[in-house]
Amino acid sequence: MSIEIKNVAKRFGGFVALDDVSVSIPSGQLTALLGPSGGGKSTLLRIIAGLERADSGRVEIEGLDATDLPPQKRNVGFVFQHYAAFKHLSVHRNVAFGLEIRKRPKAEIRSRVEELLALVHLEQFADRLPSQLSGGQRQRMALARALAVQPTVLLLDEPFGALDAKVRKELREWLRRLHDEVHVTTVFVTHDQEEALEVADEIVVINEGRVEQIGSPDDLYDQPANDFVMRFLGPVTQLGDRLVRPHDLQIHTGAPDPADVTGRITRITRIGFEIRAEITTSDQIVTVTLTRNEFLSLNVEAGSTVQVRVAPQIHAGSATGNRSEILRAT
Ligand SMILES: Nc1ncnc2c1ncn2[C@@H]1O[C@H](COP(=O)(O)OP(=O)(O)OP(=O)(O)O)[C@@H](O)[C@H]1O
């Protein structure tokens, strides 16, 4: 394990920001700290970095007890949402900074910076000032700067948080590829479940100062430990007293089965390739998502009466033996 967080607690006045948090972060992986705003993610990251002290508990980094070490002795690199670059220094000098203060030989600095700028695809911007870069390019420069001193751990606090949706998406794909090349143990904070699911090897879900679940994106999505994780990781709807994903529901227009709930389609919304059908039963409004083709083959419209059920774990359609009547949404 690269980072061991053991029974860490942190209060701000009377407010409990972290309540007995224990997490093991494996070496070489990309781990996301995911959760709603104010849940304690940044506080945990800052405690790993040494920027904040835990009231109790311990932090080990690569087998070394780092609990009482100052940030500069932990060999960690950071990138924050609003990265403070040296405005008057070129991109090259910004990336070189950590190596220069460590008094590395000039030739080594030059070749290392060139290598890093190539890694983050900023070679042609080496002589620009940070103000002449786009927001996404600036964050890539920040990553190159953090990597320059070869940290054992890279800590990213919402590094793409201030960027627009399209650039964020590009940068998260880029971060994944970069990590596949560099393999430095990386912990990043995000409140965006899609970002965590897409990028992380492992996700730690943090809410109200506690760890709700730790697992791979698949584990969390398919086997959420509780309703909080299930709600946080993706869309949910309720059918009877079951909390389910809208795409795990089926609808059909055949004769009702004991497992079915009868309802009327009260709204149909198209979102890209998906159709979201709102179905009003005797006591609930249930949301079902289907692909467009699945929806079209049902031959229903607003006002139609349909049967809704949770897709059986086994083969969809086996309950009636008539696959054409039962559709499992993607
Ligand atoms: N220095 C501080 N003094 C007082 N309260 C603080 C301090 N730092 C954080 N907090 C509080 O601790 C709680 C956890 O904050 P933290 O920044 O860790 O949450 P977060 O999960 O990272 O949320 P966000 O995504 O909004 O940054 C919040 O309620 C915050 O107001």
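This is a predicted model: local features need pLDDT of at least 70, side-chain atom pairs count only at pLDDT 80 or more; totals for chains, interfaces and linings use all residues.
Local features need pLDDT of at least 70, side-chain atom pairs count only at pLDDT 80 or more, and totals for chains, interfaces and linings use all residues. Residues are numbered from 1 along each chain as its sequence is written.

View 1. Helices (H or I, at least four residues) and strands (E, at least two) are DSSP runs, numbered from the N terminus. Ala, Val, Leu, Ile, Met, Phe, Trp, Tyr, Cys and Pro count as nonpolar, Asp, Glu, Lys and Arg as charged, and the others, Gly among them, as polar.

**View 2. Helices α2 and α3.** Helix α2 (residues 91-101) packs against helix α3 (residues 106-119) at an angle of about 130°, with the axes 10 Å apart. Axes are lines fitted to C-alpha atoms, for helices over the stretch in contact, and angles run from 0 to 180 degrees between N-to-C directions. The pair is therefore oblique. Angles under 35 degrees count as roughly parallel, over 145 as roughly antiparallel, 65 to 115 as roughly perpendicular and the rest as oblique. On the α2 side, H92, V95, A96, L99 and E100 make the contact; on the α3 side, I109, R112, V113, L116 and L117 do. Contact means C-beta atoms, placed from the backbone, within 7 Å. These residues divide into seven nonpolar, one polar and two charged.

**View 3. Helices α4 and α5.** The axes of helix α4 (residues 135-148) and helix α5 (residues 165-182) come within 11 Å and cross at roughly 20°. The two helices are therefore roughly parallel to each other. G135, G136, Q139 and L147 of α4 meet V167, E170, L171 and V182 of α5. Four of the contact residues are nonpolar, three polar and one charged.

View 4. R264 lies in strand β14 (residues 261-271). R264 has 13 other C-beta atoms within 10 Å, so R264 is partly exposed. A residue is buried at 20 or more such atoms, exposed at 12 or fewer, and partly exposed in between, with C-beta atoms placed from the backbone. Not counting residues up to four places away in sequence, R264 touches I279, T280, G303 and T305.

Terms used: Two residues are in contact if their C-beta atoms, placed from the backbone, lie within 7 Å.
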